[in-house]
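User: I am new to this structure and would like to learn how to read its features. Please take them in turn.

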Amino acid sequence: MHKSKKFMAKVEQWKEKDVLIYFLPPYSRELNLIEILWRIIKHQLLGFDAYKSFENFKEQLNFVLNNFGVKYDIKF
């Protein structure tokens, strides 16, 4: 979340409307679903040969992402 003066000035106004703002720690990997997804892709879905070249990496990563929800399913 942004902590600019304009943003922070609105927090009290939002609170009055039952909109609560929760600030996460600067880097909280366990709270970020994309980090969980990336860890699973890196360690479970990409083969070792994906790291032989950048082209292999792009090809395998595209395959995983294009088949997400079809061939690959992740439960968070």
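**Reading the core, the packing and the charged pairs**

Analyst: This is a predicted model. The largest nonpolar core is made of eleven residues: Ile-36, Leu-37, Ile-40, Ile-41, Leu-46, Ala-50, Phe-57, Leu-61, Val-64, Tyr-72 and Ile-74. Two or more of these residues come from each of α2 and α3, and α2 gives the largest share, four residues.

User: How do α2 and α3 pack, and at what angle?

Analyst: A pair of packed helices is described by the angle between the axes and by the distance between them. Here helix α2 (residues 33-45) and helix α3 (residues 54-66) meet at about 115°, with their axes 12 Å apart. The crossing of α2 and α3 is right-handed. On the α2 side the contact is made by Trp-38, Ile-41 and Leu-45, and on the α3 side by Phe-57, Leu-61, Val-64 and Leu-65. Seven residues of this contact are nonpolar, with no polar and no charged ones.

User: Is Leu-61 buried or exposed?

Analyst: Leu-61, in helix α3, has 17% relative accessibility and therefore counts as buried, the cut-off being under 20%. Leaving out residues up to four places away in sequence, Leu-61 touches Trp-38, Ile-41 and Leu-46. Ile-41, with neighbours within four places set aside, is in contact with Leu-46, Leu-61, Val-64 and Leu-65.

User: Which salt bridges does the structure hold?

Analyst: Side chains of opposite charge can pair when their charged atoms come close. The structure holds two salt bridges. In one, the side chains of Lys-15 and Glu-12 meet at 3.4 Å, N to O. Lys-15 and Glu-12 are three residues apart in helix α1, so about one helical turn separates them. Lys-15 is partly exposed at 43% relative accessibility, and Glu-12 is partly exposed at 49%. In the other, Glu-55 pairs with Lys-58, with the closest N and O atoms 3.3 Å apart. Glu-55 and Lys-58 both belong to helix α3 and are three residues apart, about one turn of the helix. Lys-58, at 33% relative accessibility, counts as partly exposed.

User: What is the phi of Asp-18, and where is this residue placed?

Analyst: Most residues other than glycine have a negative phi. Asp-18 has a phi near 65°, a positive value in a residue other than glycine. Asp-18 is placed in the loop between α1 (5-16) and α2. With a relative accessible area of 70%, Asp-18 is exposed.

Definitions and conventions:
Residues are numbered from 1 along each chain as its sequence is written. This is a predicted model: local features need pLDDT of at least 70, side-chain atom pairs count only at pLDDT 80 or more; totals for chains, interfaces and linings use all residues. Side-chain values use heavy atoms; hydrogens and water are left out. Axes are lines fitted to C-alpha atoms, for helices over the stretch in contact, and angles run from 0 to 180 degrees between N-to-C directions. A crossing is left-handed if the near helix is turned anticlockwise from the far one by less than a right angle, and right-handed if clockwise. Contact means heavy atoms within 4.5 Å. Ala, Val, Leu, Ile, Met, Phe, Trp, Tyr, Cys and Pro count as nonpolar, Asp, Glu, Lys and Arg as charged, and the others, Gly among them, as polar. A nonpolar core is a set of buried Ala, Val, Leu, Ile, Met, Phe, Trp, Tyr and Cys residues joined through side-chain atoms within 4.5 Å. Buried means under 20% relative accessible area, exposed over 50%, partly exposed in between (1.4 Å probe, protein chains only). A salt bridge is a side-chain nitrogen of Lys or Arg within 4 Å of a carboxyl oxygen of Asp or Glu.
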